[in-house]
Amino acid sequence: MSTTTHPTPQAAITVHGPVALITLEAPPVNALGQSVRQLLANALEEIRAHQAIRAVVLTGTDRAFSAGADITEFGGTTTGITLPELVDRLEDFPVPVTAAIAGVALGGGLELAMAAHSRVAHPDATLGLPEITLGIIPGAGGTGMLPRLVGAERAVDMILSGRRIGTTTAVEYGLVDAVLHSGDFAGAAVAWAASRLPATPGPTEGAPTPGPATPTRTRDRTEKIADAAARPGTIAKLASGPLRKAKDPYAARAAVEAITAGIEEEFDAGATAERRLFLERVASPEAAAQRHLFAAERATRKPAGLDATSARDIGQAAVIGAGTMGGGIALALATAGVPVIVVETRQEALDHGLAQVRRNLDVSVSHGSRTSGQADEQFARITGTLDYADLAAADLVVEAAFEDLDVKKDIFARLDANTRPDAVLATNTSYLDVDAIAATVADPGRVLGMHFFSPANVMELVEVVRGARTTPQTLATAVALGRRLGKCPVVVGVCHGFVGNRMLEVRGRQAEALLLEGALPGQVDDVLTGFGFRMGPFAMADMAGLDIGWRNRTSQGTTAPVSDALCEAGRFGQKTGSGFFAYDGRERSDDPETTRIIERVSAEQGIDRRDIGSEEILERLLYPMVNEGGRILAEGIAERPGDIDVIWVKGYNWPAYRGGPMFHAEAVGRGHVAERLVHHAEATGDETLRPVAWLTAPGGVDGAGAPR
Ligand code: 3HC
């Protein structure tokens with residue numbers, strides 16, 4: 001985390017007739033660290049002493065009611081009042097408490113709000129229990145309170161996905177009681193609370209719709225969980241789908257256990273189970289990995305030499321190429337509100353590409369992730385042309401044409417002639433030399449790479465490739481645009497394949513070598529899915545199509561003996577019904593014919609096949625990647641190990657609960673990784689496996705991977 005200093009936290013109390021307003025200001029996001037919890041506890045005590053106070057409103061800042069527990073405190077010892085204790089005090093408070101939510105109410109922040117007796121929200125508020133994305137579960141009553149407010153099914157979905165919802169959905173779910181549209185949000189919340197003052201035994205002063213005499217605690221609201229409580233097994237059934245999709249199976253299973261206990265037993269039994277499981281998860285290596293990623297992702301937003309304020313606003317974008325990538329990038333831009341011109345060479349290709357974009361939008365409407373009105377509006381932002389002259393108004397162009405250096409150079413020369421001299425020119429190349437492409441433009445300072453991942457409208461990662469001449473303003477503009485698209489832009493340097501694909505190639509070479517030495521595709525893939533990847537390298541290759549790599553290798557004069565032999569046999573992967581595996585539709589199975597081909601190629605190469613264990617497979621696939629990561633750091637292609645981790649988790653499905661390749665090396669020990677690489681280098685004669693300084697330097701290495 002950065003060292004930005006923020007003003008001292010405050011929980012200010014102001015009194016408005018019978019209503020006390022507590023305003024929490026603990027920048028940047030009202031995280032509930034030890035001092036903030038104490039401030040809130042003190043404020044409640046102070047108000048409790050005032051007989052005249054008949055209701056309390058608790059609010060935060062415009063940005064955050066509260067982003068939850070202070071993540072930086074996890075892993076240390078808790079001092080002072082705990083969050084569950086604070087939540088208990090709030091729900092047992094003698095007069096009704098209203099949580100007034102503007103900005104985010106997340107994790108412990110939402111738990112605090114749920115412990116209040118009612119909730120009002122600004123129309124733009126965001127609510128959720130995202131703990132699972134940190135490898136933990138809600139730890140201050142959330143697994144018990146959320147089902148009581150929104151029902152079991154929605155609670156299971158929200159807790160297991162970590163999904164955040166807006167105010168409208170929160171009202172529909174019953175999580176928020178009223179939306180306050182006023183410009184003076186806190187004032188409106190106070191007025192709302194005053195309008196619902198409970199009837200008092202004595203003479204009452206103007207309470208138009210009195211609330212109950214004693215506030216109802218969320219834990220006592222059982223109507224929405226009555227069915228699930230009466231039918232044991234309901235939660236297990238509701239959770240079976242989300243559990244399969246869960247990115248962190250450990251945290252997901254713990255969450256299900258806590259929710260089940262809180263519904264099928266009593267609230268308190270649930271709270272006890274929740275606390276135990278929360279503490280267990282917080283201390284787990286999986287949670288440490290995801291905390292690392294949380295910090296690493298935020299660090300990627302601060303690359304060296306980036307002056308975010310110099311970013312230029314993009315009013316009009318353009319995309320060259322209406323293929324899968326071009327269409328996806330255009331859709332991502334249009335979805336973020338940026339008008340896009342799509343350029344193609346032939347009308348037929350343009351029509352086909354735009355029709356595909358329209359189909360993608362229609363599918364998302366049928367899935368409910370967009371309304372048809374939104375889809376129409378977004379599609380209307382995309383216009384097609386065959387004429388480069390139409391690019392005169394573009395502030396930024398993303399080239400997503402065929403992956404061939406000459407094709408790209410030709411396009412950039414045309415862009416140079418047809419765009420404004422200050423327009424940013426980005427190439428979506430996944431391997432090629434961005435500096436060679438930039439050299440075709442009079443001002444290479446306006447050129448850089450923006451490497452999107454397919455499908456570009458879905459995948460979060462963008463490698464922003466800084467060329468040797470890219471200006472700071474060009475870089476800042478691309479990064480800002482990436483963030484505007486809701487993506488995670490990571491700045492990298494120029495080399496073949498940049499960070500992600502360069503490391504993928506290293507893994508691919510080892511995977512091929514393992515086949516030649518004795519392993520089979522199913523065995524290799526199982527080891528990686530066992531580690532937590534959604535797919536192994538061979539299933540992935542079959543899905544992408546083996547012919548693309550084959551064609552590239554043929555043109556570059558390189559080989560991958562097994563893949564080449566499969567292609568020669570017409571086995572291009574899923575699309576031809578066979579590749580490394582056999583396919584019945586999408587159903588994959590091991591194929592004896594593949595085995596025969598592999599054994600034949602091994603024999604041709606004079607290799608005696610041997611049994612290869614899972615441990616060796618895992619080490620041979622992962623450790624060379626770490627080694628390559630070390631080279632990447634030493635060359636300054638990536639700034640920090642965490643950048644590499646973010647790239648692999650967001651772009652290549654590295655399991656988040658394993659933190660990324662460089663984090664994984666730290667977790668098992670860099671020295672251990674180095675030792676195993678030496679062993680494999682000697683056993684295989686592959687000298688590229690010799691460990692680099694990032695792994696071996698006795699005094700450690702600096703942030704760039706150079707020995708200290
Ligand atoms: N604890 C500590 N610091 C936090 C934090 C938290 N819960 N949430 C955000 N921050 C910090 C960030 O690290 C960042 O610090 P930096 O400026 O030093 O880099 C700063 O606040 C601003 O955050 P962002 O850069 O992410 O700002 P955004 O505006 O993009 O996003 C946000 C704000 C939506 C709040 C986002 O930060 C976020 O999603 N935070 C995490 C929320 C979360 O997961 N809460 C659950 C915590 S676990 C919990 O509550 C357990 C409980 O059940 C017991």
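**Exercise 1. Decide whether Phe533 and Phe531 count as buried or exposed, and classify their ring pair.**

Solution. This is a predicted model.
Step 1: Phe533 has a relative accessibility of 4%, so this residue counts as buried, the limit being under 20%.
Step 2: Phe531 is also at 4% relative accessibility and counts as buried.
Step 3: The aromatic pair of Phe531 and Phe533 has a centre-to-centre distance of 6.2 Å and an angle of 25° between the planes. Planes under 30 degrees apart count as stacked, and the pair is stacked.
Step 4: Phe531 and Phe533 belong to a cluster linked by ring pairs, together with Phe453, Trp648, Tyr652 and Trp654.

**Exercise 2. Classify the ring pair of Phe74 and Phe278, and state where each residue sits in the chain.**

Solution. 
Step 1: The structure has 10 aromatic pairs. One of them is formed by Phe74 and Phe278.
Step 2: The ring centres of Phe74 and Phe278 are 6.2 Å apart and the planes stand at 75°, so this pair is edge-to-face. The cut-off for that class is over 60 degrees.
Step 3: Phe74 lies in the loop between β4 (64-66) and α2 (83-91), while Phe278 is in helix α11 (residues 267-282).
Step 4: Phe74 has a relative accessible area of 18% and is buried. Phe278, at 10%, is buried as well.

**Exercise 3. Determine whether Glu286 is buried or exposed, and name the residue whose side chain has a polar contact with that of Glu286.**

Solution. 
Step 1: Glu286 is located in helix α12.
Step 2: The relative accessibility of Glu286 is 14%, so this residue counts as buried.
Step 3: The side chain of Glu286 is joined to that of Arg281 by a polar contact of 3.2 Å.

**Exercise 4. Locate Thr222 and state how far its C-alpha atom is from that of Pro198.**

Solution. 
Step 1: Thr222 is in the loop between α7 (185-195) and α8 (226-230).
Step 2: The relative accessible area of Thr222 is 42%, so the residue is partly exposed. That class runs between the limits of 20% and 50%.
Step 3: Thr222 and Pro198 are 24 residues apart along the chain, and 22 Å separates their C-alpha atoms.

**Exercise 5. List the domains and give the distance between the C-alpha centres of domain 1 and domain 3.**

Solution. 
Step 1: Domain 1 covers 10-198 + 217-282, domain 2 covers 314-492 and domain 3 covers 519-604.
Step 2: The C-alpha centres of domain 1 and domain 3 are 49 Å apart.

Note on methods: Residues are numbered from 1 along each chain as its sequence is written. This is a predicted model: local features need pLDDT of at least 70, side-chain atom pairs count only at pLDDT 80 or more; totals for chains, interfaces and linings use all residues. Side-chain values use heavy atoms; hydrogens and water are left out. Domain bounds come from an automatic or database domain assignment. Rings of Phe, Tyr and Trp (its six-membered ring) pair if their centres lie within 6.5 Å; planes under 30 degrees apart count as stacked, over 60 as edge-to-face and the rest as tilted. Helices (H or I, at least four residues) and strands (E, at least two) are DSSP runs, numbered from the N terminus. Buried means under 20% relative accessible area, exposed over 50%, partly exposed in between (1.4 Å probe, protein chains only). A polar contact is a pair of N or O atoms within 3.5 Å; within protein, one must be able to donate a hydrogen and the other to accept it, and residues adjacent in sequence count only if both atoms are side-chain atoms.
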